[in-house]
Amino acid sequence: MNAHAYPAASLVEDNAREWLKTLAKYRQPRLGRSAFELFITLIPFTIFWAAACFSLANSFWPGLIAVFPASAFLLRLFMIQHDCGHGSFFARRELDDWTGRLLGVLTLTPYDYWRRAHAAHHASAGNLDERGVGDITTLTIAEYRALSPIKRLGYRLYRHPLVMFGIGPAWLFLFKQRLPFGMMNSGALPWISTMATNGAIATLAAVMVWTVGLQSFLLIHLPVVLIAGSAGVWLFYVQHQFEETHWSEGQNWRFPQAALHGASHYDLPPVLRWLTGNIGIHHVHHLSSRIPYYRLPEVLRDHPQLADIGRITLWDSLKCVRLVLWDDQRRRLVSFRDAAGAGDCP
């Protein structure tokens, strides 16, 4: 973390109530801007998807590169769905909810199921005593050491990049989200939402197969979904799995500290920042999740002391992949090799 972050961090933690009041003025979305954001994301996604399909149908193989921008815009649609889940996109609950539900058909993410899991993530991020819902499984060194050899192998496989960013997203978006596991005691809504989303996905898929053919649909839409899914999991990963992230036991957990230090400021190049809906300004998002994504840059512009807290660059983020265990003594994430080198991990 940048050395200049410490004064800012202390300032925020000591005046948390004041900062929450300060950020409240950014929470109001601009309805015209929100509608425009939806339009300039949905239309290009449709155009690039159709261009890839047209290229495949006419054996114009270079045109299949359109799969990549289609994936990028699908990812951006998920960011809009994400804001709808927080009630921050239109700030009208019913409009946000139905926009999120409709987008969930494209992103293969049942809205009400995801919204509840994600709310649990926001309410417990950085809390060692409340891990397991809506987050990436992270063990402490002591917990890892207490595992049997076969379970250690399972954890190592789970944290391997090929699984985390390849097999994992495919399993999550294609299979796991088809049933609302973990929501057995959350009432009927997650089940109704999930089954309705599944039905809408099946109907849309049937229409597309009838229109363009099964082969074209699978060769276009599956890569689009999997690329967007992998990118989404990557973003979520580096926003919380960076070296100087914050974790604390339940009795010591404080929301402002966990929000600001348990989430990164993923400082991406401008084009990637736009395509990812400014989700890299994640520490501010966690501190005030009702701020629309297109207003997050305003916060850093007006309060530059927040910009250095938890800041990681694109290059820095590549190094985060090896960080897999929480070191209670050093209060940071470490790799298997670092833990073993310190005599903490077999």
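## Exercises on a predicted model

Arg273 and Asp267 meet through their side chains in a salt bridge, 3.7 Å from N to O; the term stands for a side-chain nitrogen of Lys or Arg within 4 Å of a carboxyl oxygen of Asp or Glu. The model is predicted, so local features need pLDDT of at least 70 and side-chain atom pairs count only at pLDDT 80 or more, while totals for chains, interfaces and linings use all residues. Residues are numbered from 1 along each chain as its sequence is written, and side-chain values use heavy atoms, with hydrogens and water left out.

**Exercise 1. Charged pairs**

Work out whether Arg273 is buried, partly exposed or exposed, and do likewise for Asp267.

Solution. Start with the classes: buried means under 20% relative accessible area, exposed over 50%, and partly exposed in between, with a 1.4 Å probe and protein chains only. Arg273 has a relative accessibility of 30%, so this residue counts as partly exposed. Asp267, at 23%, is partly exposed.

Next, take Arg331 and Asp328, whose side chains also form a salt bridge, at 3.7 Å from N to O. With 35% relative accessibility, Arg331 is partly exposed, and Asp328 is partly exposed at 29%. Elsewhere, salt bridges with shared partners tie Arg30, Arg295 and Glu298 into one network.

Now turn to Arg101, which forms a salt bridge with Asp112, with the closest N and O atoms 2.9 Å apart. This pair links distant parts of the chain: Arg101 sits in helix α5 and Asp112 in helix α6 (residues 111–124), 11 residues apart. Both Arg101 and Asp112 are buried. To finish, the count of salt bridges by this rule is 15.

**Exercise 2. Helix α4 from end to end**

Check what span helix α4 should have, and how far apart its end C-alpha atoms are.

Solution. First, helices (H or I, at least four residues) and strands (E, at least two) are DSSP runs, numbered from the N terminus. The expected span is 1.5 Å times one less than the number of residues. Helix α4 covers residues 67–85, which is 19 residues, and so should span 27 Å; its end C-alpha atoms lie 27 Å apart, in agreement.

His82 is found in α4 and is buried, at 4% relative accessible area. The side chain of His82 makes a polar contact of 3.2 Å with that of His118; such a contact is a pair of N or O atoms within 3.5 Å, where within protein one must be able to donate a hydrogen and the other to accept it, and residues adjacent in sequence count only if both atoms are side-chain atoms. Last, α4 is followed by Gly87, whose phi is positive, near 70°.

**Exercise 3. Strand order**

What is the order of the strands in the open sheet?

Solution. The sheet has 3 strands in the order β1-β4-β5, with mixed pairing. Pairing requires at least two bridges found by DSSP between two strands. Strand β4 (residues 325–327) is joined to β5 by 3 bridges, and the two run antiparallel. Within this pairing, Leu325 stands opposite Val334 in β5.
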